[in-house]
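Here are a few friendly notes to read alongside the structure. Take them one at a time and look for each point in the 3D view.

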Amino acid sequence: MITLPSSRQDEAKVDEQAPLFVLRGPQQILEAQGCLAKLPSGNTATLGLRVNEFFAIERQGPKLLVGALPFDPHGHDALYQPAELALPESLKVSAVAKLPALIGLSQAEPAPDHYADMVARCVETICGKKAIDKQDLLGKAVLARSLLLQASEPINPLVLAKRLERDSSVTTYVLPLPVAVDEAPAWLVGASPELLVSVRGSTVTSHPLAGSARRLADPIADAKAAKALSASSKDLDEHKFVVDAIVAALAPLCSELDAPDTPSLYTTSTMWHLGTEIVGTLKDANTSVATLAGLLHPTPAVCGTPRQLALDTINSLEPVDRGFYAGAVGWVNEKGDGDWYVAIRCAHVQADRLRLFAGAGIVADSEPELEVAETAAKFRALLDALGVDDATIS
């Protein structure tokens, strides 16, 4: 478990209206409140430069930034310097804390049949387009759908996160999202199984996941599902796109880089995934995790390949803007160390409304009805935490 520096409240004024930030996982717990300064927002490509400029100025308080990157690398991120690396006792919640009842449930947007049509159109593009330049050929696109829920009263994001913590294999997160002046505070709450990038000194690590299957209650059937995933040419191809892209991005910056040829199985309480742990040694130990996050995001695990063509495909097919879903959440300190997780298995929470997101990687062998089932399975982490049963959503 990492240890982050503490701060003294009397060193700088704490903004009592500022929101909180929580990141809890197997390797770390980071809790923060208050806001001393905001990082000037910008696109993902400029993240490393802006972070370096921020830390070049002597500041009081914790020497780190926390926050999120949006899915669209051309959009504006939301990072800030917290005032305190702790939560007051008044905000602590117990494992048995209750959420308000759900009083309304929409169909997924798009509805399952419309999502299947989206997948079919995407497969046609992948299989049917002819091009001389390989960069004009779509190899993979990740298509998402969402689910809008209505609660009987405002939702405490910390209670929802506490429910998600029941799965010890994931990293849960709660963080504030930008809103208009007259809007209620909004939060991104989720439980990510996927490490985008981590840096400690000269060591860089990434653990992409791509290729998935739903966990099953029967142990024998569950084992068969895992075995089938490991042997699936479609899922192996989907996974290879991701690993190849990350290795290609990191290789020029590393003196050593190790990526196993064959992925391993990674499991959460609801899903099986194919995963590959990529570990490297940076040529320049001063390379910030912010620079690497800006370089890698969005990976083919949440976007596709080639990146811009996949982004264009997503924007043309998906009816709901992703915002910070499939972006990244994490922290970076003044030394450039930090951890960034892919913002999946999450919900946008605002007052008494939640919007859940789930996506599936579409490649040439994708079958529309199977991708509908995969997104439904990926909703389960949040739906289980909310107490919503299988019969309610397809």
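1. Residues 24 or more positions apart supply 74% of the protein chain's contacts that have a separation of 6 or more. Keep in mind as you look that this is a predicted model.

2. Now try the secondary structure: the protein chain has nine helices and 21 strands. Its radius of gyration is 20 Å, close to the 21 Å given by the globule rule for 394 residues, so the chain is as compact as a globular protein of that length. Along the principal axes, the C-alpha trace spans about 60 × 55 × 40 Å.

3. What share of the 394 residues is buried? Buried residues make up 55% of the protein chain. As for the surface, the chain exposes about 17200 Å², and carbon and sulfur atoms supply 52% of that area.

4. Next, look inside. The largest nonpolar core has 81 residues, and those with the most contacts inside it are Leu143, Leu188, Val197, Val329 and Trp340. Helix 2, residues 112-128, gives this core its largest share, seven residues. A second, separate core has 31 residues, among them Ala151, Val170, Val174 and Ala347.

5. Setting aside neighbours within four places in sequence, Leu143 is in contact with residues including Tyr115, Met118, Val119 and Cys122. Its other partners include Ile314, Leu317, Ala358 and Ile362, along with Glu318 and Arg322.

6. Finally, charge: the protein chain carries 34 positive and 49 negative side chains. How far apart do the centres of the two sets lie? They are 2 Å apart.

Methods:
Residues are numbered from 1 along each chain as its sequence is written. This is a predicted model: local features need pLDDT of at least 70, side-chain atom pairs count only at pLDDT 80 or more; totals for chains, interfaces and linings use all residues. Side-chain values use heavy atoms; hydrogens and water are left out. Helices (H or I, at least four residues) and strands (E, at least two) are DSSP runs, numbered from the N terminus. The radius of gyration is taken over C-alpha atoms; the globule rule is 2.2 Å times the number of residues to the power 0.38. Buried means under 20% relative accessible area, exposed over 50%, partly exposed in between (1.4 Å probe, protein chains only). Contact means heavy atoms within 4.5 Å. Accessible areas come from the Shrake-Rupley method with a 1.4 Å probe; for residues, only the protein chains shown count as cover. Lys and Arg count as positive and Asp and Glu as negative; His and the chain ends are not counted. The place of a charge is taken as NZ of Lys, CZ of Arg, CG of Asp or CD of Glu. A nonpolar core is a set of buried Ala, Val, Leu, Ile, Met, Phe, Trp, Tyr and Cys residues joined through side-chain atoms within 4.5 Å.
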